[in-house]
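Here are some notes to read alongside the model. They begin with a pair of helices and then turn to a sheet.

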Amino acid sequence: MSPTVPRIVMKFGGTSVADLDRIRAVAEKVRKQVEAGCEVAVVVSAMSGVTNRLVGYCRDLSPQHDEREYDTVVATGEQVTSGLLAIALQKLGINARSWLGWQIPLRTDDAHGKARIVSIDGANLIDSMQAGQVPVVAGFQGIGPDGRITTLGRGGSDTSAVALAAALKADRCDIYTDVDGIYTTDPRIVTKARKLDKITYEEMLELASVGAKVLQTRSVELAMKERVRVQVLSSFTDGPAPSEGHLPGSLVVDEDEIVEQEQVAGIAYSRDEAKISVRQLPDRPGIAAAVFGPLADANVNVDMIVQSTGDDGMTNMTFTIGKTDLARAISVLESHRDAIQFTELQTDDGVVKISVVGVGMRSHAGVASTMFRTLAERNINVQVISTSEIKVSVLIAAEYTELAVRALHTAYGLDAA
Ligand code: ADP
Ligand code: ASP
Ligand code: MG
(Lines give C-alpha, C1' and ligand atoms only; values in the text may rest on other atoms or scores of the structure.)
(Ligands and ions follow the chains in the order given, each with its own letter.)
Protein backbone atom coordinates (compact mmCIF):
# COMPACT_ATOMS: atom_id res chain seq x y z
CA MET A 1 0.00 0.00 0.00
CA SER A 2 1.32 3.47 -0.80
CA PRO A 3 1.97 5.75 2.18
CA THR A 4 -0.82 8.27 2.75
CA VAL A 5 -0.20 11.69 1.31
CA PRO A 6 -0.24 14.49 3.90
CA ARG A 7 -3.17 16.84 3.35
CA ILE A 8 -2.82 20.48 4.38
CA VAL A 9 -5.19 23.45 4.31
CA MET A 10 -3.29 26.73 3.84
CA LYS A 11 -5.17 29.94 4.66
CA PHE A 12 -3.87 33.38 3.72
CA GLY A 13 -5.25 36.54 5.38
CA GLY A 14 -5.72 40.00 3.89
CA THR A 15 -2.21 41.40 4.31
CA SER A 16 -0.77 38.17 2.88
CA VAL A 17 -2.61 38.77 -0.41
CA ALA A 18 -2.55 42.59 -0.32
CA ASP A 19 -1.22 43.07 -3.88
CA LEU A 20 -0.06 41.09 -6.89
CA ASP A 21 3.48 40.69 -5.55
CA ARG A 22 2.12 39.24 -2.32
CA ILE A 23 -0.17 36.92 -4.31
CA ARG A 24 2.85 35.73 -6.31
CA ALA A 25 4.73 35.12 -3.07
CA VAL A 26 1.76 33.14 -1.72
CA ALA A 27 1.69 31.07 -4.91
CA GLU A 28 5.36 30.22 -4.28
CA LYS A 29 4.54 29.08 -0.75
CA VAL A 30 1.78 26.85 -2.09
CA ARG A 31 4.11 25.47 -4.73
CA LYS A 32 6.64 24.46 -2.05
CA GLN A 33 4.01 22.40 -0.23
CA VAL A 34 2.83 20.80 -3.45
CA GLU A 35 6.40 19.95 -4.42
CA ALA A 36 6.97 18.50 -0.95
CA GLY A 37 4.33 15.94 -1.89
CA CYS A 38 1.32 17.31 0.02
CA GLU A 39 -2.25 17.54 -1.12
CA VAL A 40 -3.08 21.20 -0.62
CA ALA A 41 -6.33 23.15 -0.40
CA VAL A 42 -5.98 26.92 -0.11
CA VAL A 43 -8.37 29.39 1.53
CA VAL A 44 -8.01 33.11 0.87
CA SER A 45 -9.25 36.36 2.39
CA ALA A 46 -10.00 39.53 0.49
CA MET A 47 -7.01 41.73 -0.33
CA SER A 48 -6.19 43.93 2.66
CA GLY A 49 -8.60 46.88 3.05
CA VAL A 50 -11.11 45.56 0.52
CA THR A 51 -13.66 44.20 3.01
CA ASN A 52 -13.57 47.45 5.01
CA ARG A 53 -14.20 49.42 1.85
CA LEU A 54 -17.13 47.21 0.83
CA VAL A 55 -18.64 47.35 4.32
CA GLY A 56 -18.29 51.16 4.17
CA TYR A 57 -20.15 51.33 0.85
CA CYS A 58 -23.12 49.48 2.34
CA ARG A 59 -23.18 51.63 5.47
CA ASP A 60 -22.85 54.86 3.51
CA LEU A 61 -25.79 53.99 1.28
CA SER A 62 -27.94 52.92 4.20
CA PRO A 63 -27.02 52.31 7.84
CA GLN A 64 -30.02 49.96 8.09
CA HIS A 65 -29.20 48.03 4.89
CA ASP A 66 -30.56 44.62 3.92
CA GLU A 67 -28.05 42.09 5.30
CA ARG A 68 -28.59 39.77 2.33
CA GLU A 69 -27.38 42.49 -0.03
CA TYR A 70 -24.49 43.28 2.36
CA ASP A 71 -23.39 39.65 1.98
CA THR A 72 -23.65 39.87 -1.80
CA VAL A 73 -21.36 42.89 -1.71
CA VAL A 74 -18.75 41.89 0.88
CA ALA A 75 -18.33 38.31 -0.39
CA THR A 76 -16.89 39.69 -3.64
CA GLY A 77 -13.54 40.50 -2.00
CA GLU A 78 -12.71 36.83 -1.54
CA GLN A 79 -13.96 35.95 -5.03
CA VAL A 80 -11.38 38.27 -6.55
CA THR A 81 -8.49 36.83 -4.53
CA SER A 82 -9.40 33.21 -5.22
CA GLY A 83 -9.38 33.83 -8.97
CA LEU A 84 -6.15 35.83 -8.85
CA LEU A 85 -4.31 33.21 -6.80
CA ALA A 86 -5.52 30.45 -9.14
CA ILE A 87 -4.07 32.43 -12.07
CA ALA A 88 -0.79 33.00 -10.20
CA LEU A 89 -0.54 29.26 -9.46
CA GLN A 90 -1.31 28.35 -13.06
CA LYS A 91 1.48 30.71 -14.12
CA LEU A 92 3.85 28.57 -12.01
CA GLY A 93 2.66 25.48 -13.85
CA ILE A 94 0.41 24.28 -11.02
CA ASN A 95 -3.01 22.93 -11.82
CA ALA A 96 -5.33 25.15 -9.75
CA ARG A 97 -8.89 26.41 -9.80
CA SER A 98 -11.01 28.76 -7.74
CA TRP A 99 -14.03 27.66 -5.69
CA LEU A 100 -16.73 29.93 -4.32
CA GLY A 101 -18.72 28.97 -1.23
CA TRP A 102 -21.84 27.99 -3.19
CA GLN A 103 -19.85 25.86 -5.62
CA ILE A 104 -18.44 23.57 -2.92
CA PRO A 105 -21.11 23.89 -1.40
CA LEU A 106 -20.36 25.31 2.04
CA ARG A 107 -23.82 25.56 3.62
CA THR A 108 -24.64 27.98 6.41
CA ASP A 109 -27.67 29.06 8.42
CA ASP A 110 -29.60 32.16 7.39
CA ALA A 111 -27.97 34.64 9.81
CA HIS A 112 -26.77 36.94 7.05
CA GLY A 113 -23.67 38.94 7.98
CA LYS A 114 -22.68 36.48 10.74
CA ALA A 115 -23.75 33.09 9.43
CA ARG A 116 -22.72 29.80 10.98
CA ILE A 117 -21.50 26.88 8.92
CA VAL A 118 -23.99 24.00 8.86
CA SER A 119 -22.22 21.56 6.54
CA ILE A 120 -19.50 21.28 3.94
CA ASP A 121 -19.58 18.75 1.15
CA GLY A 122 -15.90 17.93 0.76
CA ALA A 123 -16.37 15.38 -2.06
CA ASN A 124 -15.76 17.77 -4.95
CA LEU A 125 -12.62 19.21 -3.41
CA ILE A 126 -11.24 15.78 -2.49
CA ASP A 127 -11.78 14.59 -6.06
CA SER A 128 -10.04 17.69 -7.32
CA MET A 129 -7.06 17.26 -4.99
CA GLN A 130 -6.73 13.57 -5.77
CA ALA A 131 -6.64 14.46 -9.43
CA GLY A 132 -3.62 16.67 -8.68
CA GLN A 133 -5.41 19.99 -8.62
CA VAL A 134 -5.09 22.74 -5.98
CA PRO A 135 -8.49 24.14 -5.00
CA VAL A 136 -8.35 27.84 -4.10
CA VAL A 137 -11.38 28.49 -1.93
CA ALA A 138 -12.88 31.92 -1.32
CA GLY A 139 -12.99 32.23 2.48
CA PHE A 140 -15.64 34.02 4.56
CA GLN A 141 -18.56 32.96 2.35
CA GLY A 142 -21.17 30.25 2.02
CA ILE A 143 -24.68 29.63 0.79
CA GLY A 144 -27.73 29.97 3.03
CA PRO A 145 -30.92 27.88 3.13
CA ASP A 146 -32.54 30.54 0.93
CA GLY A 147 -29.95 29.83 -1.78
CA ARG A 148 -28.35 33.23 -1.27
CA ILE A 149 -24.74 34.10 -0.48
CA THR A 150 -23.89 34.45 3.20
CA THR A 151 -20.78 35.62 5.06
CA LEU A 152 -19.37 34.34 8.33
CA GLY A 153 -18.67 37.56 10.26
CA ARG A 154 -15.45 39.60 10.28
CA GLY A 155 -12.34 37.45 10.35
CA GLY A 156 -14.45 34.54 9.09
CA SER A 157 -11.93 33.12 6.62
CA ASP A 158 -10.17 31.50 9.60
CA THR A 159 -13.38 29.61 10.24
CA SER A 160 -13.74 28.66 6.56
CA ALA A 161 -10.23 27.20 6.71
CA VAL A 162 -10.73 25.20 9.91
CA ALA A 163 -14.13 23.91 8.77
CA LEU A 164 -12.62 22.87 5.47
CA ALA A 165 -9.72 21.15 7.22
CA ALA A 166 -12.26 19.16 9.26
CA ALA A 167 -14.37 18.29 6.21
CA LEU A 168 -11.31 17.23 4.20
CA LYS A 169 -9.81 15.37 7.18
CA ALA A 170 -6.64 17.39 6.68
CA ASP A 171 -3.58 16.68 8.79
CA ARG A 172 -3.21 20.37 9.60
CA CYS A 173 -4.71 23.79 9.02
CA ASP A 174 -1.99 26.42 8.51
CA ILE A 175 -3.18 30.00 9.07
CA TYR A 176 -0.69 32.32 7.36
CA THR A 177 -0.78 35.91 8.56
CA ASP A 178 1.38 39.01 9.14
CA VAL A 179 2.94 37.81 12.43
CA ASP A 180 4.90 34.58 12.82
CA GLY A 181 2.73 32.98 15.46
CA ILE A 182 0.53 33.38 18.51
CA TYR A 183 2.15 35.63 21.08
CA THR A 184 1.62 36.20 24.80
CA THR A 185 -0.12 39.40 23.72
CA ASP A 186 -0.52 41.49 20.57
CA PRO A 187 3.10 41.95 19.39
CA ARG A 188 2.08 45.21 17.74
CA ILE A 189 1.58 46.91 21.08
CA VAL A 190 4.03 45.04 23.29
CA THR A 191 7.45 44.64 21.73
CA LYS A 192 8.45 42.25 24.52
CA ALA A 193 5.59 39.86 23.65
CA ARG A 194 6.85 36.29 23.46
CA LYS A 195 5.97 33.81 20.71
CA LEU A 196 4.34 30.65 21.99
CA ASP A 197 5.29 27.33 20.36
CA LYS A 198 2.04 25.87 21.63
CA ILE A 199 -1.15 27.07 23.24
CA THR A 200 -4.19 25.07 24.36
CA TYR A 201 -7.47 25.21 22.46
CA GLU A 202 -9.15 26.44 25.62
CA GLU A 203 -6.76 29.33 26.16
CA MET A 204 -6.80 30.36 22.51
CA LEU A 205 -10.60 30.23 22.52
CA GLU A 206 -10.75 32.45 25.58
CA LEU A 207 -8.11 34.86 24.21
CA ALA A 208 -9.94 35.11 20.87
CA SER A 209 -13.27 35.70 22.55
CA VAL A 210 -11.85 38.57 24.64
CA GLY A 211 -10.26 40.32 21.68
CA ALA A 212 -7.07 38.65 20.37
CA LYS A 213 -7.88 39.01 16.69
CA VAL A 214 -5.23 36.61 15.43
CA LEU A 215 -7.89 33.86 15.06
CA GLN A 216 -11.66 34.27 14.77
CA THR A 217 -13.32 32.85 17.91
CA ARG A 218 -15.51 30.45 15.96
CA SER A 219 -12.51 28.99 14.17
CA VAL A 220 -10.99 28.00 17.51
CA GLU A 221 -14.30 26.66 18.77
CA LEU A 222 -14.56 24.50 15.68
CA ALA A 223 -10.92 23.36 15.81
CA MET A 224 -11.43 22.28 19.42
CA LYS A 225 -14.61 20.39 18.62
CA GLU A 226 -13.32 18.72 15.45
CA ARG A 227 -9.76 18.22 16.78
CA VAL A 228 -8.18 20.13 13.90
CA ARG A 229 -4.48 20.89 14.37
CA VAL A 230 -4.16 24.62 13.72
CA GLN A 231 -0.85 26.37 13.16
CA VAL A 232 -0.49 30.17 12.95
CA LEU A 233 2.58 31.32 10.97
CA SER A 234 3.91 34.13 8.84
CA SER A 235 3.40 34.40 5.10
CA PHE A 236 6.16 37.04 5.01
CA THR A 237 9.07 35.00 6.34
CA ASP A 238 10.05 31.37 6.08
CA GLY A 239 10.87 31.03 9.77
CA PRO A 240 13.11 28.24 11.04
CA ALA A 241 13.14 25.17 8.82
CA PRO A 242 10.49 22.76 10.06
CA SER A 243 12.13 19.81 11.73
CA GLU A 244 10.74 16.66 13.25
CA GLY A 245 8.13 17.66 15.80
CA HIS A 246 8.93 21.36 15.43
CA LEU A 247 6.93 23.73 13.27
CA PRO A 248 7.86 27.29 12.34
CA GLY A 249 4.72 28.89 13.83
CA SER A 250 2.51 28.37 16.87
CA LEU A 251 0.36 25.31 17.28
CA VAL A 252 -3.02 25.14 19.01
CA VAL A 253 -3.11 21.85 20.91
CA ASP A 254 -4.69 19.82 23.71
CA GLU A 255 -3.72 20.63 27.28
CA ASP A 256 -1.77 17.38 27.73
CA GLU A 257 0.61 18.37 24.92
CA ILE A 258 1.91 21.28 26.98
CA VAL A 259 4.71 20.37 29.30
CA GLU A 260 5.13 23.47 31.41
CA GLN A 261 1.97 25.32 32.21
CA GLU A 262 2.30 29.01 33.04
CA GLN A 263 -0.22 30.71 35.31
CA VAL A 264 -1.09 33.17 32.56
CA ALA A 265 -0.80 32.17 28.91
CA GLY A 266 -1.69 35.52 27.42
CA ILE A 267 -3.23 38.97 27.66
CA ALA A 268 -5.79 40.44 25.27
CA TYR A 269 -7.59 43.73 24.92
CA SER A 270 -10.82 44.70 23.26
CA ARG A 271 -11.72 48.22 22.20
CA ASP A 272 -15.10 47.04 20.95
CA GLU A 273 -16.87 47.57 24.27
CA ALA A 274 -19.08 50.37 25.56
CA LYS A 275 -20.25 50.91 29.12
CA ILE A 276 -23.77 51.78 30.25
CA SER A 277 -24.75 52.80 33.78
CA VAL A 278 -28.43 52.73 34.64
CA ARG A 279 -28.58 54.88 37.74
CA GLN A 280 -30.94 55.19 40.66
CA LEU A 281 -33.24 52.23 40.17
CA PRO A 282 -35.42 50.75 42.91
CA ASP A 283 -33.52 47.92 44.64
CA ARG A 284 -36.20 45.26 44.35
CA PRO A 285 -36.43 41.65 43.18
CA GLY A 286 -36.78 41.49 39.42
CA ILE A 287 -34.88 44.68 38.69
CA ALA A 288 -32.08 42.88 36.83
CA ALA A 289 -34.65 41.05 34.72
CA ALA A 290 -36.38 44.37 33.99
CA VAL A 291 -33.13 45.84 32.65
CA PHE A 292 -31.63 42.86 30.82
CA GLY A 293 -34.81 41.21 29.52
CA PRO A 294 -35.61 43.92 26.96
CA LEU A 295 -31.94 44.10 25.92
CA ALA A 296 -31.88 40.35 25.27
CA ASP A 297 -35.13 40.62 23.32
CA ALA A 298 -33.45 43.24 21.15
CA ASN A 299 -30.47 40.91 20.57
CA VAL A 300 -28.06 43.12 22.54
CA ASN A 301 -25.36 40.96 24.12
CA VAL A 302 -24.40 42.02 27.62
CA ASP A 303 -20.91 41.13 28.81
CA MET A 304 -19.64 42.41 32.18
CA ILE A 305 -22.15 43.40 34.88
CA VAL A 306 -21.85 45.07 38.26
CA GLN A 307 -24.65 46.13 40.57
CA SER A 308 -23.90 48.53 43.40
CA THR A 309 -26.36 49.08 46.17
CA GLY A 310 -27.00 52.29 48.08
CA ASP A 311 -28.62 52.65 51.53
CA ASP A 312 -31.66 54.46 50.28
CA GLY A 313 -33.30 51.43 48.67
CA MET A 314 -31.88 52.43 45.34
CA THR A 315 -29.27 50.68 43.21
CA ASN A 316 -27.08 51.30 40.14
CA MET A 317 -26.51 48.78 37.36
CA THR A 318 -23.37 49.09 35.23
CA PHE A 319 -22.62 46.78 32.33
CA THR A 320 -20.83 46.52 28.99
CA ILE A 321 -22.13 45.75 25.52
CA GLY A 322 -20.61 45.81 22.03
CA LYS A 323 -19.92 49.36 20.82
CA THR A 324 -21.94 48.76 17.67
CA ASP A 325 -25.01 47.98 19.82
CA LEU A 326 -24.81 51.17 21.90
CA ALA A 327 -27.41 53.24 20.03
CA ARG A 328 -29.86 50.33 20.00
CA ALA A 329 -29.33 49.62 23.71
CA ILE A 330 -29.98 53.23 24.65
CA SER A 331 -33.20 53.34 22.68
CA VAL A 332 -34.37 50.02 24.20
CA LEU A 333 -33.69 51.23 27.75
CA GLU A 334 -35.29 54.63 27.14
CA SER A 335 -38.40 52.96 25.78
CA HIS A 336 -38.63 50.91 29.02
CA ARG A 337 -37.90 53.82 31.33
CA ASP A 338 -41.31 53.65 33.01
CA ALA A 339 -41.13 49.92 33.69
CA ILE A 340 -37.53 50.02 34.96
CA GLN A 341 -37.98 53.34 36.79
CA PHE A 342 -34.42 54.56 36.47
CA THR A 343 -33.46 58.20 36.95
CA GLU A 344 -30.45 58.48 34.69
CA LEU A 345 -28.61 56.67 31.90
CA GLN A 346 -24.86 57.25 31.51
CA THR A 347 -22.85 55.86 28.62
CA ASP A 348 -19.14 55.73 27.83
CA ASP A 349 -17.49 54.30 24.73
CA GLY A 350 -13.98 55.40 25.71
CA VAL A 351 -13.31 52.13 27.52
CA VAL A 352 -11.25 49.02 26.89
CA LYS A 353 -11.53 45.52 28.32
CA ILE A 354 -8.22 43.95 29.32
CA SER A 355 -8.19 40.22 30.02
CA VAL A 356 -5.58 37.81 31.34
CA VAL A 357 -6.10 34.18 30.40
CA GLY A 358 -4.52 30.91 31.51
CA VAL A 359 -5.59 27.38 32.43
CA GLY A 360 -2.98 27.61 35.21
CA MET A 361 -5.41 29.87 37.09
CA ARG A 362 -7.37 26.81 38.11
CA SER A 363 -4.55 25.77 40.38
CA HIS A 364 -2.93 29.10 41.26
CA ALA A 365 -4.45 31.74 43.51
CA GLY A 366 -3.54 35.39 43.25
CA VAL A 367 -3.83 36.03 39.52
CA ALA A 368 -6.62 38.57 40.00
CA SER A 369 -4.92 40.32 42.89
CA THR A 370 -1.70 40.71 40.85
CA MET A 371 -3.81 42.33 38.16
CA PHE A 372 -5.49 44.80 40.51
CA ARG A 373 -2.23 45.68 42.28
CA THR A 374 -0.39 46.24 38.99
CA LEU A 375 -3.09 48.55 37.70
CA ALA A 376 -3.31 50.40 41.03
CA GLU A 377 0.46 51.03 40.97
CA ARG A 378 -0.04 52.76 37.61
CA ASN A 379 -3.00 54.73 38.98
CA ILE A 380 -5.36 53.04 36.54
CA ASN A 381 -8.92 52.87 37.82
CA VAL A 382 -10.79 49.60 37.39
CA GLN A 383 -14.42 50.29 36.46
CA VAL A 384 -15.89 46.80 36.11
CA ILE A 385 -14.48 43.32 36.79
CA SER A 386 -15.52 39.91 35.56
CA THR A 387 -13.97 36.49 35.96
CA SER A 388 -14.32 32.96 34.67
CA GLU A 389 -12.44 29.79 35.53
CA ILE A 390 -9.46 30.67 33.32
CA LYS A 391 -9.83 34.46 32.83
CA VAL A 392 -9.94 37.76 34.67
CA SER A 393 -11.17 40.84 32.80
CA VAL A 394 -11.26 44.48 33.82
CA LEU A 395 -12.75 47.51 32.16
CA ILE A 396 -10.55 50.64 32.20
CA ALA A 397 -10.31 53.96 30.34
CA ALA A 398 -9.19 53.34 26.74
CA GLU A 399 -6.29 55.81 27.00
CA TYR A 400 -4.46 53.38 29.32
CA THR A 401 -4.65 50.37 26.99
CA GLU A 402 -0.97 50.12 26.06
CA LEU A 403 0.26 51.07 29.53
CA ALA A 404 -1.95 48.47 31.21
CA VAL A 405 -1.16 45.63 28.81
CA ARG A 406 2.59 46.27 29.04
CA ALA A 407 2.57 46.52 32.83
CA LEU A 408 0.55 43.30 33.19
CA HIS A 409 2.76 41.51 30.69
CA THR A 410 5.76 42.30 32.87
CA ALA A 411 3.92 41.55 36.12
CA TYR A 412 3.05 38.00 35.04
CA GLY A 413 6.62 37.33 33.91
CA LEU A 414 5.69 37.06 30.24
CA ASP A 415 8.29 39.47 28.81
CA ALA A 416 10.70 37.98 26.29
CA ALA A 417 14.26 37.78 27.56
P1 ADP B 1 -5.24 38.25 8.81
O2 ADP B 1 -5.56 39.40 7.92
O3 ADP B 1 -4.09 37.44 8.33
O4 ADP B 1 -6.45 37.40 9.14
P5 ADP B 1 -5.46 39.55 11.40
O6 ADP B 1 -5.18 41.02 11.36
O7 ADP B 1 -6.87 39.12 11.45
O8 ADP B 1 -4.70 38.88 10.16
O9 ADP B 1 -4.69 38.88 12.63
C10 ADP B 1 -3.30 39.09 12.81
C11 ADP B 1 -3.08 40.20 13.83
O12 ADP B 1 -3.55 39.78 15.12
C13 ADP B 1 -1.63 40.55 14.08
O14 ADP B 1 -1.19 41.49 13.14
C15 ADP B 1 -1.64 41.08 15.51
O16 ADP B 1 -1.60 42.50 15.55
C17 ADP B 1 -2.99 40.65 16.08
N18 ADP B 1 -2.88 39.94 17.37
C19 ADP B 1 -3.63 40.23 18.47
N20 ADP B 1 -3.30 39.45 19.49
C21 ADP B 1 -2.32 38.62 19.06
C22 ADP B 1 -1.56 37.57 19.67
N23 ADP B 1 -1.76 37.21 20.95
N24 ADP B 1 -0.64 36.95 18.93
C25 ADP B 1 -0.43 37.30 17.64
N26 ADP B 1 -1.10 38.28 17.01
C27 ADP B 1 -2.05 38.95 17.70
N1 ASP C 1 -12.19 39.51 4.52
C2 ASP C 1 -12.98 39.24 5.72
C3 ASP C 1 -12.68 40.27 6.79
O4 ASP C 1 -11.88 41.15 6.57
C5 ASP C 1 -12.76 37.86 6.23
C6 ASP C 1 -11.35 37.55 6.66
O7 ASP C 1 -10.41 38.16 6.17
O8 ASP C 1 -11.15 36.65 7.49
O9 ASP C 1 -13.27 40.23 7.83
MG1 MG D 1 -7.99 37.60 10.57
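1. In helix 3, T72, V73 and V74 meet T76, G77 and E78 of helix 4; contact means heavy atoms within 4.5 Å. Sorted by class, this contact of helix 3 with helix 4 has two nonpolar, three polar and one charged residues (Ala, Val, Leu, Ile, Met, Phe, Trp, Tyr, Cys and Pro count as nonpolar, Asp, Glu, Lys and Arg as charged, the others, Gly among them, as polar).

2. This is a predicted model, in which local features need pLDDT of at least 70 and side-chain atom pairs pLDDT 80 or more, while totals for chains, interfaces and linings use all residues. Residues are numbered from 1 along each chain as its sequence is written, chains are lettered from A and ligands numbered from 1 in the order written, and side-chain values use heavy atoms, without hydrogens and water.

3. The axes of helix 3 (residues 67-74) and helix 4 (residues 76-91) come within 5 Å and cross at roughly 20 degrees. The two helices are therefore roughly parallel to each other (angles under 35 degrees).

4. An open sheet of eight strands runs in the order 3-6-2-1-9-13-14-12, with mixed pairing. Two strands pair if DSSP finds at least two bridges between them. Strand 3 (96-99) and strand 12 (198-200) each have a single partner strand, so one side of each lacks a neighbour in the sheet.

5. Strand 13 (residues 230-234) pairs with strand 14 (residues 250-253) in the antiparallel sense over three bridges. Which residue in strand 14 is the bridge partner of V232? The partner is S250.

Conventions:
Helix = DSSP H or I, 4+ residues; strand = E, 2+ residues; numbered from the N terminus. Axes fitted to C-alpha atoms, helices over the stretch in contact; angles between N-to-C directions. Parallel < 35°, antiparallel > 145°, perpendicular 65-115°, else oblique.
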